[in-house]
Amino acid sequence: MNDMLLSIENLSKGFSSSGRRVAALDNVSLTIAAGETLGLVGASGSGKSTLSRILLRLLSADTGSIRFEGADWLALDGAPLRRKRARMQMVFQDPLAAFNPLAAVSTVLDDPLRIHGIAAKNQRAGEIAMLLERVGLTADHAARPVRSLSGGQRQRVAIARAIATRPSMLVLDEAVSALDVTVRGRILELLVDLQKEQGIACLFISHDLAVVRAVSHRIAVMDGGRIVETGPATTVVAAPQSNAARALIAAVPRLVTDPC
Ligand code: ADP
Ligand code: MG
């Protein structure tokens, strides 16, 4: 367990809504090794985003603990937390909501480089050009406002921004769900390439098992705030053990007819 990049232990989180108590996370434990992509799949409302928000320290847990790169992640605060945030980055579903849509691509990428002290001022333009190239864009995109880009290009910028701080881990919550099928496929290819090239670990979250299977080494299945199944991606798809996994497979007919 100790050589894991990330270990989540017995994480629980409840919400009260209209007088009812919802257990959004119920004793969730997971590990991710360095360089591994863990797919987290589950129906809407199963607790996936609650887990990602706690991981990114946007929401506090009721109970449980998280170790990340050897640190007691949920206990970090202040400057040590700010420093360590560079190591775990997020890619959101909607990049326009995450950045100022009027900002130029270069500004979106300059911010993390400046804030986390990744590159000196006179090196940042070069670093930005390199990041753009790495995600399949060109230096010409740097001057364009984010709003003028297509959905796929925006998501490439979001990925460039996420890798700008040289993280050991990315959390992607429904990061390709808003994209049409062709663009989605290209972004998934980019993620697999980056993951191989740079050995960045990913927690890849989606309600779509076909998408998760395309990028993940292992898959964890969530249902009602619990992890009900974990296994190698091919095993979970070929021989699901839980009702939740079977239901997710049934929702994607091409998983049955088009294995690859
Ligand atoms: P998923 O991302 O898998 O769709 P979520 O983590 O968003 O699931 O939600 C899990 C459960 O927690 C759902 O029942 C949802 O309604 C509830 N929930 C999430 N956030 C809140 C909140 N801020 N207040 C009340 N209930 C919430
Ligand atoms: Mg969600």
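User: How many bridges join β1 to β2?
Analyst: This is a predicted model. In it, 9 bridges join β1 to β2, and the two strands run antiparallel. One pair to look at is leucine 11, whose bridge partner in β2 is valine 28.

User: What sits between β1 and β2?
Analyst: The two form a hairpin with 2 residues between them. Serine 18 is in that turn and has a positive phi of about 40°.

User: Which sheet are they in, and what is the strand order?
Analyst: An open sheet of 4 strands, ordered β2-β1-β4-β5, with antiparallel pairing. β2 and β5 (71–72) are at the edges with a single partner strand each, so one side of each has no neighbour in the sheet.

User: How many bridges are there between β4 and β5?
Analyst: β4 (residues 63–68) and β5 pair over 2 bridges, in the antiparallel sense. Phenylalanine 68 has alanine 71 of β5 as its bridge partner.

User: Which strands does α1 lie across?
Analyst: α1 lies across β1 (6–17), β2 and β4. It runs at about 115° to β1.

User: Switching to the ligand. Which residues are around ligand 1?
Analyst: Phe15, Val22, Ala24, Ala43, Ser44, Gly45, Ser46, Gly47, Lys48, Ser49 and Thr50. By class that shell has 4 nonpolar, 6 polar and 1 charged residues.

User: Where does the largest share of the shell come from?
Analyst: From α1, which gives 3 residues.

User: How much of ligand 1 does the protein cover?
Analyst: On its own, ligand 1 has 560 Å² of accessible area, and the protein covers 64% of that. The elements giving two or more residues to the shell are β2 (20–32) and α1 (48–55).

User: Back to strands. What is the order in the sheet with 6 strands?
Analyst: β6-β7-β8-β3-β9-β10, an open sheet with mixed pairing. Its edge strands are β6 (88–91) and β10, and each pairs on one side only. The twist averages 20° from one strand to the next.

User: Mixed how? Do β3 and β9 run parallel or antiparallel?
Analyst: β3 (residues 37–42) and β9 run parallel, joined by 5 bridges. Leucine 38 has arginine 218 of β9 as its bridge partner.

User: What packs on that sheet, and which strands does helix α6 touch?
Analyst: Helix α6 (residues 151–164) packs on it, touching β6 and β7 (169–173), and its direction makes about 170° with that of β6. Helix α10 (residues 243–250) also packs on the sheet; α10 touches β3, β9 and β10, with its direction at about 105° to that of β9.

User: And in which sense do β9 and β10 pair?
Analyst: Antiparallel: β9 (residues 218–223) and β10 (residues 226–232) pair over 6 bridges. Isoleucine 219 has glycine 231 in β10 as its bridge partner.

User: What is the turn there like, and which residue has a positive phi?
Analyst: β9 and β10 form a hairpin with 2 residues between them. Glycine 224 in the turn has a positive phi of about 55°.

Terms used
Residues numbered from 1 in each chain as written. Chains lettered and ligands numbered in written order. Predicted model: local features only at pLDDT ≥ 70, side-chain atom pairs only at ≥ 80, totals over all residues. Heavy atoms only, no water. Near = heavy atom within 4 Å. Areas by Shrake-Rupley, 256 points an atom, 1.4 Å probe, with all protein chains shown as cover. Nonpolar A, V, L, I, M, F, W, Y, C, P; charged D, E, K, R; others polar. Pairing = 2+ DSSP bridges. Axes fitted to C-alpha atoms, helices over the stretch in contact; angles between N-to-C directions. Contact = heavy atoms within 4.5 Å.
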